[in-house]
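This briefing sets out selected features of a single model, grouped by topic. Please read it alongside the sequence and coordinates shown here.

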Amino acid sequence: MPSQMEYTMETMMFTFHKFAGDKGYLTKEDLRVRMENELPGFLENQKDPLAVDKIMKDLDQCRDGKVGFQSFFSLTTGLTIACSDYFVLHMKQKGKKQKSQQLLPS
């Protein structure tokens, strides 16, 4: 039985290859559809309507209109880091509020 980390890695690999198919890469349209279906919250919170275009430009290092596994994984890693940073900040703020509420007289 795989560990949680192994399962997560396996999921990332299989997800990319499922969507990339035999061609082994994602096009900008593939990436847009994947983000709309797999990361709807991220796109809904974007104020920039060209967010996917900018992401694709950053990921498409060869400028060939293709995103390989390494770039796809960099995207998901970056988004995961951003979510973690937000979570940590949120938890710190929540902790400060709880501490200040405990200090208030009843």
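**Structural briefing**

Across the whole structure, a search returns two salt bridges. The model is a predicted one.

**Salt bridges**

- K23 and D30 are joined through their side chains in a salt bridge, with an N to O distance of 2.9 Å.
- K23 is partly exposed, since its relative accessible area is 40%.
- The other pairing named here links R32 to E29, whose closest N and O atoms are 3.8 Å apart.
- Because R32 and E29 are three residues apart in helix α2, about one helical turn separates them.
- R32 has a relative accessible area of 21% and is therefore partly exposed; a value of 47% likewise places E29 in the partly exposed class.

**Nonpolar core**

- The largest nonpolar core comprises 15 residues, and L26, L31 and L75 have the most contacts inside it.
- At least two residues of this core come from each of α1 (4-20), α2, α4 (51-59) and α5.
- Apart from neighbours within four places in sequence, L31 contacts L26, I55, M56, L59 and L75.
- In soluble globular proteins, nonpolar side chains tend to be buried together.

- S71 is located in helix α5 and counts as buried because its relative accessibility is 12%, below the 20% cut-off.
- When residues up to four places away in sequence are not counted, S71 touches L59 and Q61.
- L39 occupies the loop between α2 (28-38) and α3 (40-44), and its relative accessible area of 30% makes L39 partly exposed.
- With neighbours within four places in sequence set aside, the contacts of L39 are R34 and L79.
- L39 and L79 are 40 residues apart along the chain, while their C-alpha atoms are separated by 9.9 Å.

**Annotated segment and surface patch**

- An unreviewed UniProt entry lists residues 67-89 as "transmembrane region".
- In the model, the span 67-89 is 91% helix and 0% strand, and its end C-alpha atoms lie 31 Å apart.
- V88 belongs to helix α5 (residues 69-103).
- Its relative accessible area of 37% makes V88 partly exposed, as this value falls between the 20% and 50% limits.
- Together with F87 and M91, V88 makes a nonpolar surface patch of about 270 Å².

How values were computed: Residues numbered from 1 in each chain as written. Predicted model: local features only at pLDDT ≥ 70, side-chain atom pairs only at ≥ 80, totals over all residues. Heavy atoms only, no water. Patch = residues over 30% accessible without salt bridge, like charges linked within 9 Å, V, L, I, M, F, W, Y side chains within 5 Å. Areas by Shrake-Rupley, 256 points an atom, 1.4 Å probe, with all protein chains shown as cover. Salt bridge = Lys/Arg side-chain N within 4 Å of Asp/Glu carboxyl O. Helix = DSSP H or I, 4+ residues; strand = E, 2+ residues; numbered from the N terminus. Buried < 20%, exposed > 50% of the residue type's maximum accessible area, 1.4 Å probe, protein only. UniProt positions renumbered as here; feature names shortened; annotations may be inferred. Contact = heavy atoms within 4.5 Å. Core = buried A, V, L, I, M, F, W, Y, C linked by side-chain atoms within 4.5 Å.
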